[in-house]
Amino acid sequence: MTVQLKRPSSLRHFVTPVAVVAVLAVVFAWVATLDLDSIEARTLNAGYLIDRTREHLVLTVVSSALVAVLAIPTAVLAHRVRSRVVRAIVVTLGNIGQATPAVGVVILLAIVWQTGFTTALVSLVAYCFLPVLRNTLTGLEQVDAATREAARGMGMTPNQVLWRIELPLASPVILAGLRTALVFSVGVATIATFINAGGLGDMIVNGLKLQRFSVLLVGAVLVAAIAVLIDWAAGLVEDRVRPRGL
Amino acid sequence: MPRNTSALLCAIAASALVLSACSGSTSTGEGSSKGDELKGLTGQIGSKDFAEQYILAHLTTKLLNAHGATLEANTKLVGSANVRQALENKQFVGYWEYTGTSWITYNKQTQPLKEAKAQFDAVKTADAAKGIEWVAPAPFNNTYTFAIRSDKAKELGVTKMSQIAKLPADQKTFCIESEFSTRDDGWPGVSSTYGFDAPKDNVKLLDTGVIYTATKDGKDCNFGEVFATDGRIASLGLTVLEDDKAFFPIYQGGFTLQAQALKDHPKIADVLAPLSAKLTTDEMQKLNAKVDVDGDEPDKVAEDWLTEQGLI
C-alpha cells in the first residue's frame, strides 16, 4: 500500500513571509515614532539599511553557493572511496571548521592574510562546510543497498547509479543540510563587520557599543528576518526539487 | 546509587567548589600601612575589560586598602555599559571612567565640551543627579587619535591631522572601528572638521584590535584610529598625530563612585589625589605597555608602581 504524501496547501506557503513582513512592519513603525539622535539617524535610514542588507545577503548567498559546490562533491568522493580513514579525515576537517569560533578564525585570517569580503567568505565557507558534508554523506549512505544492487543489475554504470538513483534518493537529506548551512551563514555573517566586509553586523555592533538599543534591535530583527525568509525560500525549493514519492 | 558513584560525585562537587574559589581575578589589599582613615570602607572596585582599566582598578584597591579599607578589585565584567550598570546598582563601590564616555554614552549628549575642566565639571553635575560622584581627575586623556607607522609619517611629512587633507587621495586611507564610524565625535565629525575628503572605499571598518596591526602593516590603511594611552602605539613603532584643531572630545580619567560611599568616607578623594596627579598620558602608556606588550600581570604592575612611587 503506498502512502500518498500530501503536498502542503498553497496557503500554508505564505504564512511565514506574511508573519515576517508583519514583524518588520511593526519594528519600522516603532522606529518611525522615535526621536532619533544624530548617532541613530546615521544608521536608521533607508540608504544605510539597504546597503548593509545587500552586503549581508551577498555574503550569505555566495558562501552558501560555494559550500554547495565544494562540500557536495567532496562528500560524493568520500562516499565513493569507501575508505573509513578518508571519511574520518574529511568529517574531522568539517568538524574543525564548525567548532572553531568563527570570530577567531575571521580575525586571525584578517591579520595573517587580508581584511575584506574574501576573508569573510572563506571563514563562512569553513564554518558551514560541515552540515552539508555530513548530510550528503549520510544521505548517500542511507540509500538501500538492495536498490543500488538492483540498479547495477539493470546494467547502470556507477556514475549512472550515482546520478539517477543515489543522489535523488539522498536529496531530501542533502537539501536539509544546505538549508541548515544557509541559515547558519545568515547569523554568522554578522562577524564580517570586524574586518571591513560590511553586513548587518555593523548595525548590531554599533548599537551595542553605543548603547543605542533601537539600532541594535533593528539590526538583530533584520538578521532574524533574513534567516527566516531564506529558510522559507529554501523550503520551497526543497519541495520542488524533491522527487515525487519521497 | 552505588556508594562509589556517590562518593565520586561528592569529590567532583567539592573540587569544583574549591577551584571556583581559587579562580577569578580578585585581589585584596595587604594592610593599612599608611593610615586608617578609610576603615570600614568595604566592597568591590570594578573595571572595564582592557589593560588600562585593570591597572587602575588594582592601583585604587591597593592604595585605598593601605589607608584602612578592605576592598577587592573585580576585573571580570566586560563592556563599559555593564560596569556602569553595576555601579548604578551598587554592586561596585566605584570604578575609573572617562569624562567623554560618561557625557556621550551614559548622559546621551552629542556635543562634548572642549576644555578638560569644563567637561569634568559638566559630567560631575550630570552624574551627581544619578547618585554617582566623580573624584580625583587625572591628567591622562585616553582620547581618540590617529596613528601612522613612523617611517611613513616621515615619508609623507605629516605630524598633525590638519596636514592629512593635502595628501593625494590614494594616501588618504583610514582604518576605523564601528563605534567611531557613527559617533558625532568620531569619523563624521573629524573628517568634516579637517576636510579629509577621503573616497568612501578608503575608509575601512575593522575591529579595534585589528586596527593596530593593520596600521603597522600599512596594507589596508595609512591612518588608524587608536586610543592615546595604548601601550601598543610605541611598541608597534606608530606615531600619533597632533589634534591641532582640538576636535576630539576629552576622555579624562576620573574615579566614579557611589554618592553614599563618598558621603560615608569623604577622605577617599584625598587618598586618591596623589595617585591621580601622577597619572599622565605618558605614564599610562608605560603602564599599559607593561601589561599589553610585556605580558605582566596588572596586579603586579600596580603593586610595583605604587611601591616605586612611595604611595604604599
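Q: Does A:L208 count as buried, exposed or partly exposed, and why?

A: A residue is buried if 20 or more other C-beta atoms, placed from the backbone, lie within 10 Å of its own, exposed if 12 or fewer do, and partly exposed in between. A:L208 has 18 C-beta neighbours inside 10 Å and therefore counts as partly exposed. This residue is found in helix 10 of chain A, where helices (H or I, at least four residues) and strands (E, at least two) are DSSP runs, numbered from the N terminus. The C-alpha atoms of A:L208 and A:A71 are separated by 35 Å, and the two residues lie 137 positions apart along the chain.

Q: How should I read the names and the values?

A: This is a predicted model, in which local features need pLDDT of at least 70 and side-chain atom pairs count only at pLDDT 80 or more, while totals for chains, interfaces and linings use all residues. Residues are numbered from 1 along each chain as its sequence is written, and chains are lettered from A and ligands numbered from 1 in the order in which they are written.

Q: How many helices and strands does chain A have, and how does chain B compare on that count?

A: Chain A has 11 helices and 0 strands, and its pattern along the sequence is α-α-α-α-α-α-α-α-α-α-α. Chain B has 14 helices and 11 strands. Along the principal axes, the C-alpha trace spans about 75 × 50 × 20 Å in chain A and about 75 × 55 × 35 Å in chain B. Of the 246 residues of chain A, 35% count as buried, and in chain B buried residues make up 45% of 312.

Q: Which residues of chain A and chain B are in contact, and how many are they?

A: Two residues are in contact if their C-beta atoms, placed from the backbone, lie within 7 Å. By that rule 20 residues of chain A are in contact with 19 residues of chain B. On the side of chain A that touches chain B, the elements giving two or more residues are helix 3 (38-43), helix 6 (102-112) and helix 10 (201-209) of chain A. The residues on that side divide into 8 nonpolar, 8 polar and 4 charged, where Ala, Val, Leu, Ile, Met, Phe, Trp, Tyr, Cys and Pro count as nonpolar, Asp, Glu, Lys and Arg as charged, and the others, Gly among them, as polar.

Q: In what order do the strands of the open sheet in chain B lie?

A: Two strands pair if DSSP finds at least two bridges between them. In chain B, 5 strands form an open sheet in the order 8-7-9-6-10, with mixed pairing. Strand 8 (203-205) and strand 10 (238-240) of chain B are the edge strands, each pairing on one side only. Strand 6 (residues 144-149) of chain B pairs with strand 10 of chain B in the antiparallel sense over 3 bridges, and there B:R149 has B:L238 as its bridge partner. Strand 6 of chain B also pairs with strand 9 of chain B in the antiparallel sense, over 4 bridges, with B:Y144 facing its bridge partner B:F227. Strand 7 and strand 9 of chain B, by contrast, pair in the parallel sense over 2 bridges, and B:F174 stands opposite B:F223.

Q: Which way do the residues of strand 9 of chain B point?

A: In a regular strand the side chains alternate between the two faces of the sheet. In strand 9 of chain B, B:F223, B:E225 and B:F227 point one way and B:G224 and B:V226 the other way, and all are buried. Because 5 of its 5 residues are buried, strand 9 of chain B is largely enclosed by the rest of the structure.

Q: At what angle do helix 2 and helix 14 of chain B cross?

A: Axes are lines fitted to C-alpha atoms, for helices over the stretch in contact, and angles run from 0 to 180 degrees between N-to-C directions. The axes of helix 2 (residues 51-65) and helix 14 (residues 298-308) of chain B come within 8 Å and cross at roughly 50°. Angles under 35 degrees count as roughly parallel, over 145 as roughly antiparallel, 65 to 115 as roughly perpendicular and the rest as oblique, and helix 2 and helix 14 of chain B are therefore oblique to each other. Their contact has 9 nonpolar, 1 polar and 3 charged residues.
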